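Okay everyone, thanks for coming.

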Amino acid sequence: MMAHLNMTRRAFCVGSAAALSLRPGFAATDPITLTAQAKTRQILPEDYPETRVWTYDGELPGPLIRARQGERMTRRLVNGLDVPTSIHWHGIRIDNAMDGVAGLTQEAVPPGGSFDYDFALPDAGTYWYHAHTNSMEQVARGLSGPLIVEEADAPDVDRDEVLMLDDRLVDPDSGQLFDDFDQPMMQSHGGRQGNLIGTNWQYRLELPAKSGERMRLRLINAANARTFVLRLQGLSGWRVALDGMPLERPVPVMEEIVLAPAQRVDLFVDVTAPEGETAAILRLDDDDQWRAQVGFPVAGIHATASRGAPAPLPPNPNTGLPDLGAARRLDMVMEGGAMGRLNTATFEGDELGFRALVNRGQFWALAGQVGVSETPFADLSRGEPIRIRIENRTVFPHAMHLHGMHFREVAANGTLGPLRDTVLSIPNETTEIALTADNPGKWLFHCHMLGHAASGMTTWMNVA
Ligand code: C2O
Ligand code: CU
C-alpha cells in the first residue's frame, strides 16, 4: 500500500487521443473511483479469525493518495455499503461543496450511489480523508486513508513514510469490532479507546532502516478518541509541519510529541541508532509504560556524517496572520460529559436539562448548544478576522477541528502560533484561536473525538 501509484497523474497521462483509442470504454473524464465496501481482513494475530471491516477499495488504511500541490483532485465515491456515506478531505482548504459533510454541504450518498469529488489542492502537506456520515461508526469500522500533497520541489530526505496511528476496539473472543459505537459510557467519558493499537493497521509495524538515513515521517492520528504521546528512540528529529502546514523553522524534538485525534505532524528524523539496534517511535501506554509504536530495525549504514539541521519546507500560499486588533471576539464554553457541570442547553430548539439530554443520547454542549442547529455559532463575512476563546469546563480533553480553514493559537502574551486545523483543549483551561475567515461556506467546528461529536460537540460557522 506504500507503493500505491499516483493514480491522478496516470489518469492525466492517458488523456491523449492515441492512448484513449487503445483503451476503449475508458473516457479521460471518468474520475478514479474510491469504493466504500465491507470486507473481512486479518488485522489480529494469525490465531484470531478475520475481522469484518469497512474499507475504501478493500484497503486498510484506505488507498494512499499522493497528489501534487496545485493539481485538482478528482475521486468518484462509490457507495458499496448498505448505509449512506460521504467523504471529508480533512485539512484541505477546500471548496465548501466538496467538504463531504452529510446534511450540511451535501446529501449523503445512498447505497449503490456515487458522488464526484473535484477540488483544487492549494496547499502541500499531510492530510487525510475519512467518512463524514455517522463518522463515529464509519471511521471506527475502517473508512479513512492518507492524502499527501507533495511540494513542487521534493525536500532533501532519503525516504518518505506515511504512518497512520490508530486504535481499534476489538472483542478478543470473537475477533470482531465491538459494534456498540454509541455506547453512552464511552461517549460521556473519554470516547472510544481501542485495545488494538497500531500503525497503518499493523499492530507492530517495523520498517527496516539504515544508520544515518534521513526520513520524513508523516504521522496522522486517525484514532476515534486516543491522544498519542510519543517519544523518539535512536532517532534525532525535527518537527517540520503541523496539520499539513509547514513550520517557519524546523523545531528540534526535545520533548514528547502529543498528537490529538485528527492532528498530524511531519518529522524529519536522522537514524542515529547503530547497526543491529532498533530505532523506534515509542508511545506512552495506558499503563504508563513506553512501548514501540513503530520500530526501525537498523541494518546497513547510509551515512556516518551528520547532515545538520534541515531547511524549512516551502511555505504554502495565503498563510498571512489574522489581524488580532480588528478581530471580532467570540466565546465558546464547552460543557457536559460525565462529572461535568452542564445544567441546561439547547437541543433541536428546546432548552433541556442534563437528564433530558442524556435521555436523548446527548452529553455535550458548545456555547450552550447541543449539536448542529439551524443557526450557526457564528455568521461571518468573507475576509473577517475572528478570535474564539474556547473554555473547557469539562473534565476531559477535546480535539477541536475546524473545517475548510486553518487557525492559529493565540498565546497568553498575544503571540500567534503555527497554523493548525485541530487544537487540543485541556480541562479547566482556555484556548484562544484566531483566523481570517477567508473561505466562504458552511464549515463544521467539532470535537474530533468522534463519540463526543456525535453526542453534542458539533457546531458550525457560516462564511458569506
Ligand atoms: Cu476529520 Cu469533521 O472531520
Ligand atoms: Cu471531545
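When I say strand, I mean a DSSP run of E with at least two residues, numbered from the N terminus. This is a predicted model, where local features need pLDDT of at least 70, side-chain atom pairs count only at pLDDT 80 or more, and totals for chains, interfaces and linings use all residues. Residues are numbered from 1 along each chain as its sequence is written, chains are lettered from A and ligands numbered from 1 in the order in which they are written, and side-chain values use heavy atoms, with hydrogens and water left out.

Let's start with Ile 433, which sits in strand β32, residues 430-437. Ile 433 is buried, at 0% relative accessible area; buried means under 20%, with a 1.4 Å probe and protein chains only. Glu 409 is 24 residues away in sequence, yet the two C-alphas are 4.3 Å apart. Beyond neighbours within four places, the contacts of Ile 433 (heavy atoms within 4.5 Å) include Ile 388, Phe 407 and Phe 445.

Now, the metal. Which residues hold the copper ion, ligand 2, as protein donors? They're His 398 (ND1), Cys 447 (SG) and His 452 (ND1), 2.0 to 2.1 Å from it. Donors here are N, O and S atoms within 2.8 Å of the metal (3.2 Å for Na, K and Ca), and with water not among the atoms, sites may look incomplete. His 398 is in strand β28 and Cys 447 in strand β33, so that pair ties together parts 49 residues apart in sequence. His 398 is buried at 0%, and Cys 447 is also buried at 0%.

Terms used
Helix = DSSP H or I, 4+ residues; strand = E, 2+ residues; numbered from the N terminus. Buried < 20%, exposed > 50% of the residue type's maximum accessible area, 1.4 Å probe, protein only.
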